[in-house]
Amino acid sequence: MTIDQLETLEMIVEKGSFKAAAEHMYKTQPSLSVAIKKLEEEFDLRLFNREEYRPKLTPEGLVFYNWAKQCLYTFRELKTVGTELGSKKVEPFLTIVLDPLVRFEALEGIFQETVLSKHPTEMTFRSEIMSVGEELLISGEADFSISTKSSDNDMIESVPFDRVEMIPVIAKSLAKKHPGLTYKSLKQCPQVVVLSQGDKNSLLKKDAKGFTADSKKCFVTDHSLKHKMIISGFGWGRLARNEVEKDLKKDLLIEIHDENIKPFTLDLHIMRLKHKPLGPVAKAVWAQLLQNATIKKSKRPTKRN
């Protein structure tokens, strides 16, 4: 039995077919079949029921697969530890993806560990919206991400970091044209919405968070542009309470209070790939991010609907 055989088994189960697994592993389909056949012959065990259209684990195969996953996890952990222990090199570059809603004070200590430290590591802080941070982690283009978590992924370590209250606001100059600021009166007023590339269809669903399906829309791809457009009277939208507190006090913006246009909260997570080795600077940055996690320091506030 080899690690390669176990990884082949894992990939066939995850991808649902020998063909898809072969494409993902950049191997030929016959080579995967041979690897599984040798594994079955070694233990006189039938792992897959091949009578169906897609390979399905036999009851014995399911038990073996679950043990194989534990074995692979331990192997990858050991590989990570070995790489970190054996490498004395400092990372030349590190990239952190930040959701535009991340409060700047949440990055306290990061500059001391990187930019201002004696290490030659160069830092890139990249601003991205929605789930782009997760995608960049998986593709290897980022080392850490502070963003919303779109789904559970076994490859990613995720820790709750901060909670942001998003409140509906409108410019005072525009509010005068919509008496009462009711849901009905605002239907003809564009809702300014940040749109990640390719996710307009998901936003058009009625249950999309913070999205009013039956009103006019104005889509932007940048959060700072959304803020500017709302405060300039191009439409209404939800912004983080902490970023509009001064605008509310100056009467530049007015908070909308309507049963159909409620505030909501967004949970931000700090994320990294579980099995990606961390050099000395990356370790320090991750430790600082964990220390800065506001949700762990205090009781989580009750979610507002």
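**Helix packing and a buried glutamate**

User: Which residues of helix H6 are buried?
Analyst: The model is predicted. Helix H6 covers residues 132-139. Its buried residues are Val132, Gly133, Glu134, Leu136 and Leu137.

User: Which strands do the buried residues of H6 pack against?
Analyst: The partners of these buried residues are strands. They are S3 (93-98), S4 (122-127), S5 (144-148), S6 (156-171) and S11 (264-273).

User: What is the phi of glycine 140, and where does this residue lie?
Analyst: Glycine 140 follows H6. Its phi is positive, near 85°.

User: Is helix H2 roughly parallel or roughly perpendicular to helix H3?
Analyst: H2 spans residues 18-25 and H3 spans residues 29-43. Their axes are 8 Å apart, at an angle of about 110°. Angles of 65 to 115 degrees count as roughly perpendicular. So H2 is to H3 roughly perpendicular.

User: How many nonpolar residues are in the contact of H2 with H3?
Analyst: H2 brings Phe18, Lys19, Ala21, Ala22 and Met25. H3 brings Gln29, Leu32, Ser33 and Ile36. By class, two are polar, one is charged, and the nonpolar residues number six.

User: Why does glutamate 255 count as buried?
Analyst: Glutamate 255 sits in strand S10, residues 253-255. Buried means under 20% relative accessible area. Glutamate 255 counts as buried because its relative accessibility is 16%.

User: Which side chain makes a polar contact of 3.2 Å with that of glutamate 255?
Analyst: Leaving out residues up to four places away in sequence, glutamate 255 touches Ile167, Pro168, Val169, Arg241 and Leu248. The polar contact of 3.2 Å joins its side chain to that of arginine 241.

Terms used:
Residues are numbered from 1 along each chain as its sequence is written. This is a predicted model: local features need pLDDT of at least 70, side-chain atom pairs count only at pLDDT 80 or more; totals for chains, interfaces and linings use all residues. Side-chain values use heavy atoms; hydrogens and water are left out. Helices (H or I, at least four residues) and strands (E, at least two) are DSSP runs, numbered from the N terminus. Buried means under 20% relative accessible area, exposed over 50%, partly exposed in between (1.4 Å probe, protein chains only). A polar contact is a pair of N or O atoms within 3.5 Å; within protein, one must be able to donate a hydrogen and the other to accept it, and residues adjacent in sequence count only if both atoms are side-chain atoms. Contact means heavy atoms within 4.5 Å. Axes are lines fitted to C-alpha atoms, for helices over the stretch in contact, and angles run from 0 to 180 degrees between N-to-C directions. Angles under 35 degrees count as roughly parallel, over 145 as roughly antiparallel, 65 to 115 as roughly perpendicular and the rest as oblique. Ala, Val, Leu, Ile, Met, Phe, Trp, Tyr, Cys and Pro count as nonpolar, Asp, Glu, Lys and Arg as charged, and the others, Gly among them, as polar.
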